[in-house]
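Visitor: Could you take me through one part of this model at close range? I would like to see how its residues are placed and what they meet.

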Amino acid sequence: MKKFLLIALAIASLQVVAQEQKKEGPKYHDEMMKLSAEEMATLQTKKMTLHLDLNDKQQKEIYVINLENAKLRKAHMEARKAKRQAGEKPSQEERVSIMNAQLDRKIEIKKKMKTILNEDQFAKWEEAQAKMAHKRNAGMKSKGDRRVKKMQKQ
């Protein structure tokens with residue numbers, strides 16, 4: 001009887017945890033996109049300051065990088081949204097050029113960060129970047145899994 005009660009309790013608690021909403025969902029993303037590029041850069045810089053213990057000079061230099069990135073991201077997202085609304089999909093060549101541009105940008109940022117941050121801060125930053133990439137890839141995989149299941153139902 002005790003085992004049955006423990007199993008039932010475990011199953012109930014798993015269901016509650018599984019139903020919790022993640023803040024990384026579409027609603028959170030939409031709210032973040034309503035922010036201006038300056039607000040996004042400020043928030044990101046403050047988060048980095050807390051995580052990496054940046055000094056004032058580093059904060060100013062990283063804010064410039066974050067602002068530039070935020071402006072580029074917003075411009076790309078708006079262009080993508082306009083194309084999506086027009087019913088256009090990027091060709092394979094366009095996708096490859098977009099991915100190359102993104103990778104070039106990441107390499108450039110990494111070089112800049114290496115000059116701004118000390119060794120410990122840079123190692124922490126790289127670790128955080130790897131974790132975010134892993135989260136993104138896991139999210140993309142689950143998004144793909146949901147699409148497959150949706151198509152199978154139809």
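Guide: Leaving aside neighbours within four places in sequence, K74 is in contact (heavy atoms within 4.5 Å) with M33, L35, S36, A37 and M40. Before going further, please keep in mind that this is a predicted model, in which local features need pLDDT of at least 70, side-chain atom pairs count only at pLDDT 80 or more, and totals for chains, interfaces and linings use all residues. Residues are numbered from 1 along each chain as its sequence is written, and side-chain values use heavy atoms, with hydrogens and water left out.

K74 has its place in helix 4; helices here are DSSP runs of H or I with at least four residues, strands are runs of E with at least two, and both are numbered from the N terminus. K74 is buried yet has no salt bridge, and the nearest side chain of opposite charge, that of E78, is 4.8 Å away. Buried means under 20% relative accessible area, exposed over 50%, and partly exposed in between, with a 1.4 Å probe and protein chains only. For charge, Lys and Arg count as positive and Asp and Glu as negative, while His and the chain ends are not counted. A salt bridge requires a side-chain nitrogen of Lys or Arg within 4 Å of a carboxyl oxygen of Asp or Glu. What K74 does have is a polar side-chain atom 2.9 Å from the backbone oxygen of L35. That is a polar contact: a pair of N or O atoms within 3.5 Å where, within protein, one must be able to donate a hydrogen and the other to accept it, and residues adjacent in sequence count only if both atoms are side-chain atoms.

Helix 4 covers residues 56–85, 30 residues in total, and reaches 42 Å from its first C-alpha to its last, close to the 44 Å expected at 1.5 Å a residue. That expected span is 1.5 Å times one less than the number of residues.

N55 caps the N-terminal end of helix 4, with a side-chain oxygen 3.1 Å from the backbone nitrogen of K57. K57 itself lies in helix 4 and counts as exposed at 59% relative accessibility. D53, in the loop between helix 3 (37–52) and helix 4, has a positive phi of about 55 degrees although it is not a glycine. D53 is exposed too, at 64% relative accessibility. Just after helix 4, G87 takes a positive phi of about 85 degrees.

Let us turn to the packing. The largest nonpolar core has 11 residues: M48, L52, L54, I62, I65, I109, M113, I116, L117, F122 and W125. Helix 3, helix 4, helix 5 (92–116) and helix 6 (119–153) each supply at least two residues of this core, and helix 5 gives the most, with three. A nonpolar core is a set of buried Ala, Val, Leu, Ile, Met, Phe, Trp, Tyr and Cys residues joined through side-chain atoms within 4.5 Å. I116, leaving aside neighbours within four places in sequence, is in contact with Q58, E61, I62 and I65. A second, separate core of five residues includes A37, M40, A41 and L67. K57 and I116, 59 residues apart in sequence, are 8.9 Å apart in space, C-alpha to C-alpha.

Finally, the charged pairs. Side chains of opposite charge can pair when their charged atoms come close. The count comes to five salt bridges. E68, R105, E108 and K112 are linked in a network of them. R105 is buried, with a relative accessible area of 15%, whereas E108 is partly exposed at 34%. K110 and E126 meet in another salt bridge, 2.9 Å from N to O. K110 lies in helix 5 and E126 in helix 6, so this pair ties together parts that are 16 residues apart in sequence.
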